[in-house]
Amino acid sequence: MPNLAGAQSGSAGGSLGDGEKSLSGSRAPRSVESPAPVRPRKPAREKPRAARSGGGGGATFDGAWAVVSVGRPCGGASEAIVISGGRFAGQYTSGQVSPSGQTSGAGSANGISWTSSGRFSARSGSGTFRRSDGCVGTWTASKQ
């Protein structure tokens, strides 16, 4: 690699400076035109924000929920669940929640399995369940 430390600026010849320049011929100097107007860019298309309240599509239900179930002849139970990104999970149950709040899930404990369905709204939810031992009932949920 050559050593460029000794090179001098401007040693290539020519001159720079404020020397006057003259135009020859009949060409008139061009007028300075402003460039074409810049159109504002369209903002990047944003995903619609998820509504925080119930009803309609696009609602988000993410967070902690307390669920209480009551059935016949099996009595009642309660469980804490967490909803995140369209899925819910608790200690004994899991499932999915659509953007409109429709939900379905399944779970098991102590040799008994069940399925559930229902709907979540802004701060509450309700639905039904059916267990493998014949118990049927309802569930209600409240956002914590």
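## Basis and confidence

Residues are numbered from 1 along each chain as its sequence is written. In this predicted model, local features need pLDDT of at least 70, side-chain atom pairs count only at pLDDT 80 or more, and totals for chains, interfaces and linings use all residues, while side-chain values use heavy atoms, with hydrogens and water left out.

The confidence score pLDDT is the predictor's confidence in each residue, from 0 to 100. Its mean over the chain is 76, and 59% of the residues reach 70 or more. Over residues 1-19 the pLDDT is below 50, and this stretch has zero contacts in the model beyond near neighbours in sequence; a contact means heavy atoms within 4.5 Å. Residues 47-58 also have pLDDT under 50, but the model gives them 16 contacts beyond four places in sequence. Where pLDDT is low, the predicted coordinates should not be read in detail.

## The barrel

Eight strands form a closed barrel in the order 1-2-3-4-5-6-7-8, with antiparallel pairing. From one strand to the next, the twist averages 25 degrees. Strands (E, at least two residues) are DSSP runs, as are helices (H or I, at least four), and they are numbered from the N terminus. Two strands pair if DSSP finds at least two bridges between them. For angles, axes are lines fitted to C-alpha atoms, for helices over the stretch in contact, and the angles run from 0 to 180 degrees between N-to-C directions.

Strand 5 (residues 102-109) pairs with strand 6 in the antiparallel sense over eight bridges. Ala 109 has Ile 112 in strand 6 as its bridge partner. Strand 6 (residues 112-120) is in turn joined to strand 7 by seven bridges, and these two strands run antiparallel. A hairpin of three residues connects strand 6 to strand 7, and Ser 116 has Phe 129 in strand 7 as its bridge partner.

Strand 7 and strand 8 also run antiparallel, joined by seven bridges. Here Ser 126 is partnered by Thr 140 in strand 8. The hairpin of these strands has four residues between them, and within this hairpin Gly 134 takes a positive phi near 95 degrees.

## The disulfide

The model has one disulfide, a disulfide being a pair of cysteine sulfur atoms within 2.5 Å. It is formed by Cys 74 and Cys 135, with their sulfur atoms 1.6 Å apart. The pair links distant parts of the chain, 61 residues apart: Cys 74 lies in the loop between strand 1 (63-72) and strand 2 (75-84), and Cys 135 in the loop between strand 7 (124-131) and strand 8 (136-143).

Cys 74 counts as partly exposed because its relative accessibility is 27%. Cys 135, with a relative accessible area of 1%, is buried.

Ser 69 belongs to strand 1 and is buried, with a relative accessible area of 18%. Apart from neighbours within four places in sequence, Ser 69 contacts Gly 75, Gly 76, Ala 77, Phe 129, Thr 138 and Trp 139.

Ala 80 belongs to strand 2 and is exposed, at a relative accessible area of 58%. Its contacts, leaving aside neighbours within four places in sequence, are with Trp 65, Ala 89, Gly 90 and Gln 91. The C-alpha atoms of Ala 80 and Thr 93 are separated by 9.7 Å, and the two residues are 13 residues apart along the chain.

Terms used
Buried < 20%, exposed > 50% of the residue type's maximum accessible area, 1.4 Å probe, protein only.
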